[in-house]
Amino acid sequence: MLVRGTGSNSIHAAFRAHARRAPGARAVVAGDRTLTYGELDRDSDDIAAQLVASAGVRPGDCVPVVMGRSVELVVTLLAVLKAGVAYAVLDPSWTPSRLDAAVRHLGAELVLGVSWPGGPRAFTPAPPHGRPAPPDRAGLQDPASVFFTSGTTGEPKGALVPHAGAVLLFDRCDFMRLDETTVTLQAAALQWDALTLELWSVLTTGGSVRLIGDGVFLDGTELRAAVRDGVNTTWLTASVFAMLVDEDLDCFAGLRHVLTGGERMSVPHARRFLTRHPDIALTNGYGPVEATVFVTTHRVREADLDADLGVPLGTAVPSTELVVEVDGGSGDEGCVGELVVSGPRVGLGYVGRDDPAGFRLAGGTRAYATGDLVSRRDGLFYFHGRADRQFKLRGLRIEPGEIERVAAGHPDVGSCAVAPMRAAGSDTVEALALVHTGTCSPDVLRAHLRSVLPPQLVPSLVVAVERLPLNAHGKLNGAAVEALLAEHRDAQKSALTPAIPTDPAWAGFVALTHDLLRGAVPRPDDTWWGLGGSSLDLVKLAIRASATFGRDVPAHTLGSLATIGDMVAAIASAPADADADHGAAGTRPLTDTQAGFLLQHAMGEDDAALNAMVWRIEGDVDRTALGEALRDVETRHTALRSRYLLEPMPQTAPLAGPRVTLVGLDTCDGPEAGPALDRVLDALHEPLDLESGLVWRAVIAAGSSTSSVLGIGVHHVAFDGWSESLLARDLSLAYESRRHGRPPAWRTAPGTPREAPPADPGLTASWVRHLQGAVDITWRDRSATPCAGPCTTATHVAERLVPAEHAAVLRAWAAARGQSLFSVTLAAYTWALAEHSEHAAFLVGLPTRRRSTSEVDVIGCLIDVTCLRAPSGAGDWPAHVKAVAEELRWCLPRSTVSLRDVRQALSLPSNGRQRLYQVMFAYQDHPTTALEVGDRAAYTRVPPRRAPAELLLEIVPDDERGGLRLVASRQCEHVSCRLLDAVLDTMLARLPT
């Protein structure tokens, strides 16, 4: 049986097809390390050969891989598959007894990675030496991986899934975009089948994966960093998704797809997400590990959130058959029954077990009874609950029997029962609790459980009772157990009067954790887990502590500490945000880029240095609240409330309070007032006064009886493209708060930009040598004439659209050659410029971001401009693309150089033109500028009235349609309309679309 598309019958065969097609394409990124498809293919071939020749693995083996998240892990997993055997990723932090149990089920005689006392031998491959991979005889139904999950008998079960589980899901995928443009984030626990989704979805379809740091919790900061690194698709458990929506709703900006599952999706959180991020696809995915990742998916839309049964599970994924079974037969439409999955993607059973459990074999077709109760209505499946005792806790399937078996193993424990603790007014499980009889104290029993079970299975609450509650039939009364535990927890809270420190650090900690610990008052010797805290709550605490105290508090650091006292001390001693107070009381030097904008301002040339943003707002606008919100934003961001001074040196001096005012433009009536948009734009382009601190303004005009036009203009000396989305986000939050009569509660701490690094004479000298021989661009078309009157956008800006289908071809072409879209479009631009100039020895100015991780939420001018030397004599188009890429590899790592120092060192003469470069190229991939004011706010991108160079080309991704916009602007005294159009048309013809 072969698969459509790649013709592959295994995970590694599908990967190899793409590795041979595009060996230089990026495959895996982890921190500063990048592995291409070719490198991953070569290294995994080598280890696979050693596994067969030296380790002695053979078909049918299941090899434990005991490693943390790393590039080496990905290489190892692929090598295991190429060796013709299956892998099982085990957590190095598991207790030896749990690791032993897993290895016993697998029947393994060796492990890859780390071993443990009494465990099997660890095989360490020799360094790569070009060894070829063993012959590939794997088929779709051969074992690929094992994932351990809780079992109904109290023993963990290892579900063995075939290659078909992944290959048939991703090759025929209809629920997410999978191609060379897809970049996923691998952040889920490595022992979950979500690893298959995050890893093999892209590595079998030509995309790439970014690995989050080993032991790092995924929070808003980490997700933002991932998006900056190119991640556009991510999977989150429903709990993590809800946490990020609650704590940092804007951290999703820049993604194109969010998939979530593992638990029932929260309707309120889905609604908030879709309202804030209508352009990001949100998918609800459902599936047991026994059928590999998903068996149903559903693209969530607003209409789904009003359904009486909650968000639908959706429809079946490819190569998967679903039946709602009622009394042994197929249930009718609307009937509630057990979901049974069948087809080639269903697992092969459980390793090391004779009983089939939920697996069935009928007529040669495998099936799996999930234990989940569902119904089908109008073609969509809906979730109703479990048919057994299992439940989900933060995406992890919990079988109480496993925990009860370990607890009952203590000699002083009689009977015991595990129950979920649910959030108030919700079915969501937020913690585990255990009630028991016998003489064992709760603290001793919890210590016993912690020595055997992984942390996520250790109950937060342990209660000793004389007897367990039973029902009329003499069986355990589950509802009564839950009620007893809830009553005990509430009584414990009300009776608890601990002696705790009273210093501000403790008071702050108690305030931050009141809801996370469900009212429990912590003592220094308490543990986070003992108070009912979870790893998800730790992420929330880290976010809140960082925002409240202005300190860098990583969640994984807090999670590694033994007691609450240690956590409070760690927060109090955490390094302060390096930028939080820097320069607040004094002046700060400007960067070279800012100094250039300030000089333009002094010369009365602000038309090229204004960031103008306009929104057409439908519905009522509370102008009083909006004015207050603008002042809130100015107070928060130092760059917007500072003076910018040329003497005695270019510098900025912060002001004490906000000065911005919302100006209404509705005093004129009749035709002479002009259209609202024109009035707003004219007002925005009125002169600013940087020396006195007037660096931005906001104006609003009524467009009709039900609409308004809001305009905000900020001088480039205090602002850049990335800042646009930050301003819109903060203004939205502040406006909503002020409408309800309260100040905004910012979710992140304010910051100020870092100072530029000191000049490096050696770096300047390198640039001087590199740029020797470059000359000003000389246009062949010299028909440009200055405008007789004021310049207008209509005659100075031209656009071309690359449709979505052509853009996809372009991305594929670039990826196949290991290039970025940025590099290839820049190559096409320099090619077109060379066609229309006398020579190719010109320079191109490239704006580059210089934002660090701590500056992602800072409004300011955080850009540098570097120079790219256009290739000359590169020959044909592929050689030209390669030459541009090589030039980028040289100049981008050296972009911190001061171009002012380079100009002075080169002694460039003044000839009335911009020195060094006269043309610029900008790739505008910053987050969407979404404003939440009124019923709906539509953003309009406003080009500057004067281009910052003789010719500027901007590449603007069209998020709505998936294409690319090529926006070119000109200076009329240097570039004619005819030349502007010619450059765009030549570039468009050159792009391989």
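User: Is Val-293 buried or exposed?

Analyst: This is a predicted model, in which local features need pLDDT of at least 70 and side-chain atom pairs count only at pLDDT 80 or more, whereas totals for chains, interfaces and linings use all residues. Residues are numbered from 1 along each chain as its sequence is written, and side-chain values use heavy atoms, with hydrogens and water left out. Buried means under 20% relative accessible area, exposed over 50%, and partly exposed in between, with a 1.4 Å probe and protein chains only. Val-293 has a relative accessible area of 7%, so Val-293 is buried.

User: Where is Thr-292 found, and what is its phi?

Analyst: Strands (E, at least two residues) and helices (H or I, at least four) are DSSP runs, numbered from the N terminus. Thr-292 lies in the loop between strand S13 (281–286) and strand S14 (296–299), and its phi is near 65 degrees, a positive value in a residue other than glycine. Val-293, found in the loop between S13 and S14, has a positive phi as well, near 70 degrees. Thr-292 is buried because its relative accessible area is 3%.

User: Which residues is Val-341 in contact with, leaving aside its neighbours within four places in sequence?

Analyst: Contact means heavy atoms within 4.5 Å. Val-341, placed in strand S18 (residues 337–342), is in contact with residues including Ala-291, Val-295, Leu-322 and Arg-366. The C-alpha atoms of Val-341 and Arg-366 are separated by 8.5 Å, although the two are 25 residues apart along the chain. Val-341 counts as buried because its relative accessibility is 1%.
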